[in-house]
Amino acid sequence: MSGKQTRLSFWGVRGSTPTVDPATWRFGGNTPCLELVTPDGTQFILDCGTGLRMFGNSWARPGDASGGEAHIFVTHYHWDHIQGIPFFAPFYSEKNQFHFYSFRSKFLGRNSLKQVFEAQMALPYFPVDFSAMPAKRKFTELSDGDSLSIQQTKISARLLHHPQGCLGFRFDTPSGTIVYATDNEPGDPGLDQSLRELAAGADIFINDAQYTSEQLAGPRKGWGHSSWAEGVKIAKEVGVRTLVLFHHDPDSTDRIVDDRLRQARDHFDSVYAATEGMVLTLGGERVEVLLPGSRSAMRGEAHFRAVVAGTTEDGQSFHEETSVRNLSLQGALVYLKHCPRLQSELEVTMETPRPNGTGSMRLRGYVVRIEPGEKQGQTAVGVVFTE
Ligand SMILES: [Zn+2]
Ligand SMILES: [Zn+2]
């Protein structure tokens with residue numbers, strides 16, 4: 001990573017409760033946790049959902065004598081945003097230090113977040129208590145409208161429309177602006193305006209997209225969440241560069257998320273659905289997006305002639321003859337001259353040898369990985385099949 005970039009990694013993207021249903025594995029089942037590293041090397045952690053555990057395993061570098069430091073912004077105290085705390089390995093080393101930022105809950109009073117820590121790590125809910133965590137901790141309470149600077153980054157906090165409250169955060173880094181606005185529901189004029197001010201001109205706007213407009217108008221009204229359509233509306237109104245649909249409902253399968261993303265892309269050009277392992281990089285001409293390789297690990301050398309149909313980065317449909325190079329039950333690797341859009345639908349029609357000549361097999365899937373191909377002008381495209 002070059003020193004001028006800001007890197008945002010998604011460790012948990014699921015709302016409300018973690019999922020282990022295989023129908024949700026492509027986008028991921030861990031609850032909210034994001035890691036933000038700014039050009040000056042400052043590390044921020046946004047929310048402490050179950051995604052925090054996996055992050056902790058990569059954060060704790062064995063043998064690192066000097067210890068580490070991070071600034072942790074907790075949006076609110078619902079389970080899905082704090083449940084990873086007891087399982088974050090770096091909290092158990094006295095060499096590390098953490099600065100926590102959150103708000104004073106009217107239900108908890110002073111030192112709300114500290115109380116959440118203590119209550120969560122209490123018998124009989126957890127086998128060891130709070131004192132087992134020797135890392136240095138400092139707690140700061142933020143209120144609606146507060147801002148502060150940490151190294152070269154300015155952070156602003158705004159209250160969002162959510163039961164028992166939730167803070168949205170804006171990070172103005174030297175290489176761009178990231179706005180994290182999970183858990184918010186449209187419909188309160190004052191707070192709607194506040195969210196727009198927070199998101200104004202952001203390079204990356206991460207917004208709650210748990211429900212559809214229909215659900216928000218009906219049975220899910222008042223539950224404190226938003227929709228892809230609302231995210232698109234705000235993004236257009238306030239000049240956001242890239243929108244990320246976040247806090248997927250635990251009942252939303254990958255296909256449901258695919259479908260919402262497709263609809264959002266019909267209305268706004270640069271939209272992605274938050275995916276566990278996804279990394280966004282800011283600092284160049286465009287927001288770079290990378291999806292995890294491990295999730296699309298392909299096995300089995302193959303060589304089937306195939307026709308691939310899809311949509312390019314700039315929205316043009318294409319048909320191309322190629323061959324499928326790696327094939328598994330879940331997906332394939334194909335080399336293309338066209339560069340399809342990440343998370344877009346791809347149709348692969350393969351020639352398959354049959355006893356009486358050749359037949360063909362048509363598979364549909366989604367682009368999960370894009371890398372430079374073996375030859376110049378070629379793209380290696382990882383696709384996960386869904387039907
Ligand atoms: Zn939540
Ligand atoms: Zn919540």
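In this predicted model, α4 and helix α6 (residues 228–238) pack at an angle of about 60°, with their axes 10 Å apart. Axes here are lines fitted to C-alpha atoms over the stretch in contact, and angles run from 0 to 180 degrees between N-to-C directions. The two helices are therefore oblique to each other, a class left over once angles under 35 degrees (roughly parallel), over 145 (roughly antiparallel) and 65 to 115 (roughly perpendicular) are set aside. Leu195, Arg196 and Ala199 of α4 meet Glu230, Lys233, Ile234, Glu237 and Val238 of α6, where contact means heavy atoms within 4.5 Å. Helices (H or I, at least four residues) and strands (E, at least two) are DSSP runs, numbered from the N terminus.

Now the metal site. Asp80 (OD), His81 (NE2), Asp183 (OD) and His247 (NE2) coordinate the zinc ion (ligand 1) at 2.1 to 2.3 Å; donors are N, O and S atoms within 2.8 Å of the metal (3.2 Å for Na, K and Ca), and sites may look incomplete because water is not among the atoms. Asp183 also coordinates the zinc ion (ligand 2), which lies 3.6 Å from the zinc ion (ligand 1). His81 lies in helix α2 (residues 79–82) and Asp183 in the loop between β10 (176–181) and α4 (189–199), so the pair ties together parts that are 102 residues apart in sequence. His81 is buried, at 0% relative accessible area, and Asp183 is buried at 1%; buried means under 20%, exposed over 50% and partly exposed in between (1.4 Å probe, protein chains only).

Residues are numbered from 1 along each chain as its sequence is written, and chains are lettered from A and ligands numbered from 1 in the order in which they are written. Local features need pLDDT of at least 70 and side-chain atom pairs count only at pLDDT 80 or more, while totals for chains, interfaces and linings use all residues; side-chain values use heavy atoms, with hydrogens and water left out.
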